[in-house]
Amino acid sequence: MTEQPTSYERPQGVDPTEGRGALLHTQAPDASDALPPAASQGRAEDGPGTTAPCATSGKGSKGNKGAQGTDPAGSQAEHSQPATGAEPDSHRPRPAPESIPAQPGGDMRSERRTGQGVTPGRPTPMRRDGDRLRFIGAATRRIARGLDLDEIVMGLCRATVPTFSDAILVYLRDPLPVGDERPVADRVMLRLRRTDRIPEERDTETGFAALALPPPEPSELSAELSSAIAELCEVRPGGALAEVLRGVRPVFADSPAARAALPELLGEDSTLVVPGGQRAILAPLRGRRRVIGAAVFLRRPERFPFENDDLLVAAQLATHSALGIDKAVLYDREAYIADELQRTMLPEHLPRPTGVRLASRYLPAAETARVGGDWYDAIPLPGSRVALVVGDVMGHSMTSAAIMGQLRTTAQTLAGLDLPPQEVLHHLDEQAQRLGSDRMATCLYAVYDPVSHRITIANAGHPPPVLLHLGGRAEVLRVPPGAPIGVGGVDFEAVELDAPAGATLLLYTDGLVESRLRDVATGIEQLREKLAATAQLTGPDHPPPLEALCDEVLDMLGPGDRDDDIALLAARFDGIAPSDVAYWFLEPEDAAPGRARRLARRALSRWGMEDLTDSVELLVSEVVTNAVRYASRPVTLRLLRTDVLRCEVGDDVPQLPRLRQARATDEGGRGLYLVNRLARRWGATRLSTGKVVWFELNRS
C-alpha cells in the first residue's frame, strides 16, 4: 500500500530557509474542506471536545495519531489509497519543511514520529525525507548566491536559523588558504567568523510572532554567544578537534569525539553554550583540498533534538558552504590581482610640473570587469613642458590591460626622446602592429608649454578634448580625427592651439560620452554643457576646483551609461608669466661662462633673490663650461622663477653627462658632483636637436 504524504500548506512566496520562516502564522484550515466526503461525514459525528486533525489543502488527507475521536475514513487515509468515492488527487500537496509550525486549534498536538506533544507556534521536526531535500535545495541555493566570503557565511547562517537550528557558530581558518597554495604557518588557527541565533524578541508585524517559550536563563543558549565562546582557537596536532576535523563527517555533540573536541573549539565555557542530548552538531567544513573550518549547529533545550538524518543535512550544508568559501577566496584573489594590475598600469601619483595642475579619474566598466584598456598619463618634458596622454585599447579584459601597459610604456619612452606628438603616434602605431594584427587603440597626445602658453595636439581616432575657458565658455577643440593606432600606413597630423592661463583642458575616453543610450556626438555635447554649467557655479573669474570638476563630470553618467571603462585627465593651465622667464643665447667660446654668471646675477637681482647668487653663479658656470667645451652651435641659458628657481642649459651635443667620482689627480670631472651636492634636483634630457641639462634650487 502506498502511504499518502501530508503537510501543512506553506504560504506562497515563503522560502523555507528565511530567517523568520519558522514563525509564520498559519491559519487553521477548515477540516470539512480538507477531508474526503467519507471523512467529512465522520467529522460531523465528532463531539465538540475532539481535536481537529492536521490536513492538507489538497483532496487527500490523513488523521493525526494524537487526535481524539478518530473515524474509519481518517484511518484509511493514513495507511491506504483514498476511498473509491473520493475525488482523485490531481494536485498532490508538498510536505511542509520543519519551519512550518503546528496548526493551531488545540492546546497540544502529537508528533507522528516521536509521539511527543507540540506546543502551537513552536517549530516541529521534519516529517519526511522530502522535507529535508526541499530544505537542502533552498538552503544551497541561498548559499550559492554569495560571491564573497561574508555573503556565503551569512547565507549559511540565514538558511539554517531558525529552520534547522536555533543558533550557529562558524569558525574558519585564519588565514584562509588560497587554492592549491600550502599554508605558510605551521599552526592551524580557527577564528570565529560569524554567529547567528534566534533573537529574544521578534517583530510581530507582517505575520511574524514570538516563540511561545518562557524567558531563557542566562546559562542557556540565549546568552550572548560572543561572550561565552572563544574567538580564536588552535587546532593541536593529534588532538580531539583535529581528529573530528580529519574525519570530515558531522557528529553529535554528545558523542565521545565531540565532547572532547568542543571545549578545544569553543573554550572551557562550552558547556554554557552547548545543550545536552542530541541538540548540537559539529560539522567540519572541507574545501577542495583541505578542511577550512567548522560549523556548530545548536538547538534550544525546549526544541526537538536532532535526528540521525539531520547529520546528512548538516553534511550537505557544510559541503556546499566550504566549496563556496573556497571559490570566494579564489575570486577575491583574482579580484586582487586585477586591481593590482590596473593600479600598476596607471600612474599612482600624477607629477606636479611647472605651470600646470592635474587631476584624474578611472572607473572600470563593471565590478566584475575590474581591468580595462583605458589609460592616462602626464609626462614632464624638458623646458618645463608636460605631455598629456589618454588612450583606449579595445575591450576591457586582462589582455586589453596588458596591451595598454605596453603602449603606455612605449609612449613614455618616446616622450623622453622629445619627439613631436605626430611622431609619437606614428611609433605607437608601429608598436601596436608588432604586438598583433588585431591590436587597435585610440590615443590623444598633447604637449603643453607653460612659457609660450601653447599646446600641440595629435589625435589617433580619439574623441576630441574639451577646453573650458576662464569665463565659463566650453568648446570642443577641432583636432584632426586621425586613424586608430594599429591600422598602419596612415599619417598623423598635429595642430598648435592657444592655451590661455586659467583654462582647463579635459581629456577623456569614449566610455564617458558613449553608451547604448546615446551616441558619441550627443555625449560630447552633454559633456560640454556640463562643464559650462559647472563653471557658472564659481563665477567668471574663478575656475572650478579640479577635483570637484572631475566628480561633476562623472555625475553626468546615468544608470545605463556604464558600458565601458572611463579614463579622465583634467589639466589646469597656470602658465609662467614672461616676467618670470630670462632667456639668452651664448656663443660657444671661452668667455661664455663668465657672461653666463653676469646674466644670472642681474636676473636674480631683478627678482629679489640675491641670497642665491653665489650658488647659482657657481652651478651655472660649471654647466655652461661643459656645454661650450663640446658644442658647435650657440648654447641656450634659461632661468625660470616659479615655486623654485630652475636653470636650463641646452646645447647641440646628444651625449648625456654622467655623474662620476673624480680621482685626486684628475683636473676635471667635479662639475656635476657640485651640482649634485648643491642643487635641490638636477637632470639631463636628450632632445631631437641635442640635450638640456637642468637643476633647481629652493627659493628660500
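Modeller: Start with two terms. Helices (H or I, at least four residues) and strands (E, at least two) are DSSP runs, numbered from the N terminus. Two strands pair if DSSP finds at least two bridges between them. This is a predicted model, where local features need pLDDT of at least 70, side-chain atom pairs count only at pLDDT 80 or more, and totals for chains, interfaces and linings use all residues. Residues are numbered from 1 along each chain as its sequence is written, and side-chain values use heavy atoms, with hydrogens and water left out.

Colleague: What makes S12 and S13 a pair?

Modeller: A pair needs at least two bridges. Strand S12 (residues 441–449) and S13 have seven, in the antiparallel sense. They pass the cut-off, so they are called paired. Asp449 stands opposite Arg454 in S13. The hairpin of S12 and S13 has four residues between the strands, and His453 takes a positive phi near 55° there.

Colleague: Why is S13 called largely enclosed?

Modeller: Buried means under 20% relative accessible area, exposed over 50%, partly exposed in between (1.4 Å probe, protein chains only). In strand S13 (residues 454–460), five of the seven residues are buried, so the rest of the structure largely encloses this strand.

Colleague: Why is Thr354 called buried?

Modeller: Its relative accessible area is 18%. That is under 20%, so Thr354 is buried. Thr354 sits in the loop between helix H9 (308–345) and S9. Contact means heavy atoms within 4.5 Å. Leaving aside neighbours within four places in sequence, Thr354 is in contact with Ser384, Pro450, Ile576 and Thr642.

Colleague: And Ser165: buried or exposed?

Modeller: Buried, because its relative accessible area is 0%. Ser165 lies in the loop between helix H5 (149–160) and strand S3 (167–173). Beyond neighbours within four places in sequence, its contacts include Phe297, Arg299 and Phe306.

Colleague: How do you know that the Ser165 side chain makes a polar contact with the backbone oxygen of Ala167?

Modeller: A polar contact is a pair of N or O atoms within 3.5 Å; within protein, one must be able to donate a hydrogen and the other to accept it, and residues adjacent in sequence count only if both atoms are side-chain atoms. The Ser165 side chain reaches that oxygen at 3.1 Å.

Colleague: What makes S9 and S15 edge strands?

Modeller: Five strands form an open, antiparallel sheet in the order S9-S18-S17-S14-S15. Strand S9 (356–363) and strand S15 (474–476) each pair on one side only. The twist averages 20° from one strand to the next. Inside this order, strand S17 (residues 504–508) and strand S18 (residues 566–573) pair over five bridges. Leu505 stands opposite Ala571 in S18.

Colleague: Which helix packs on the sheet and touches S9, S14, S17 and S18?

Modeller: Helix H13 (residues 546–555).

Colleague: How do you know that the span of H14 is close to the one expected?

Modeller: The expected span is 1.5 Å times one less than the number of residues. Helix H14 (residues 592–607) has 16 residues and an expected 22 Å; from its first C-alpha to its last it reaches 23 Å. Its buried residues include Leu599, Leu604 and Trp607. Among the elements covering them are helix H15 (613–630) and strand S20 (635–641). Just after H14, Gly608 takes a positive phi of about 70°.

Colleague: What makes a nonpolar core, and how many residues has the largest?

Modeller: A nonpolar core is a set of buried Ala, Val, Leu, Ile, Met, Phe, Trp, Tyr and Cys residues joined through side-chain atoms within 4.5 Å. The largest has 50 residues, and Leu428 is one of those with the most contacts inside it. S12 gives the largest share, seven residues. A second, separate core of 35 residues includes Ala139 and Ile292.

Conventions: Axes are lines fitted to C-alpha atoms, for helices over the stretch in contact, and angles run from 0 to 180 degrees between N-to-C directions.
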